[in-house]
Amino acid sequence: MGDAARDDEARGADADLSTDPTAGLVLDIGDHVGGEERPRKPPKATLKLDELGALLEAAKDESPDIRAMILVSVSTGMRFCEVSALEWRDIDLKGASLRIDRSQVDGVVGPPKTESTRREVFLPRVVVDVLEAHKQWQEKNVPPKLSAGRVFRRRTANTARRRS
């Protein structure tokens, strides 16, 4: 590679993108497997703002761990199977982020179903505050043997059976 090409490459890497270089670009990704049209996905069911407010209001009567789990879920869009598998080592409170590296299904924690599910999630300040308070609450109220490093401890199968 010549000096001019290296200089152009270096400038490109440091260039300030004031406009979207992909604006107006249309990608033809072709037909779906077998030539049929791509299936249409129905819109995902999401809470409306007033429903979210009602959920958070109702959560005030729940235990601190359930309140924290609800707030983390609705604030980050994480699935229950992801939130319930969180461990404190996955969370960087100072960096306001967490890493999803595992999932819990039917009480068994393991790797996520797909590699693309592994991701970093950035946390709003209110979620960091709630998680810090939750960690303090957990250290004071939950024996370490029961939490085992989990952010939200799981109930045992016997406890779940008794509650149903």
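This briefing walks through a few features of the structure above. The model is predicted, so local features need pLDDT of at least 70, side-chain atom pairs count only at pLDDT 80 or more, and totals for chains, interfaces and linings use all residues. Residues are numbered from 1 along each chain as its sequence is written, and side-chain values use heavy atoms, with hydrogens and water left out. Helices (H or I, at least four residues) and strands (E, at least two) are DSSP runs, numbered from the N terminus.

**Helix 2 against helix 3**

- Helix 2 (residues 49–59) packs with helix 3 (residues 64–76) at an angle of about 160 degrees, their axes 9 Å apart; axes are lines fitted to C-alpha atoms, for helices over the stretch in contact, and angles run from 0 to 180 degrees between N-to-C directions.
- That angle makes helix 2 roughly antiparallel to helix 3 (over 145 degrees).
- On the helix 2 side, Leu-52, Leu-55, Leu-56 and Ala-59 take part, and they meet Arg-67, Ile-70, Leu-71 and Val-74 of helix 3.
- By class, this contact has seven nonpolar, no polar and one charged residues; Ala, Val, Leu, Ile, Met, Phe, Trp, Tyr, Cys and Pro count as nonpolar, Asp, Glu, Lys and Arg as charged, and the others, Gly among them, as polar.

**The largest nonpolar core**

- A nonpolar core is a set of buried Ala, Val, Leu, Ile, Met, Phe, Trp, Tyr and Cys residues joined through side-chain atoms within 4.5 Å.
- The largest one has 18 residues, of which Ile-91, Leu-98, Leu-131 and Phe-152 touch the most other members.
- Helix 3, strand 2 (97–100) and helix 5 each supply at least two residues of this core.
- Leaving aside neighbours within four places in sequence, Leu-131 is in contact (heavy atoms within 4.5 Å) with residues including Val-72, Trp-88, Ile-91 and Phe-152.

**His-134**

- Look for His-134 in helix 5 (residues 125–141).
- His-134 counts as buried because its relative accessibility is 3%; buried means under 20% relative accessible area, exposed over 50%, and partly exposed in between (1.4 Å probe, protein chains only).
- Not counting residues up to four places away in sequence, His-134 touches Pro-64, Asp-65, Ala-68, Trp-88, Val-151 and Phe-152.

**Two residues with positive phi**

- Most residues other than glycine have a negative phi.
- Ala-96 is not a glycine, yet its phi is positive, about 55 degrees; Ala-96 lies in the loop between strand 1 (91–92) and strand 2 and is partly exposed at 22%.
- Asp-106, also not a glycine, has a positive phi of about 50 degrees.
- The loop between strand 3 (103–105) and strand 4 (108–110) holds Asp-106, which counts as exposed at 78% relative accessibility.

How values were computed: Angles under 35 degrees count as roughly parallel, over 145 as roughly antiparallel, 65 to 115 as roughly perpendicular and the rest as oblique.
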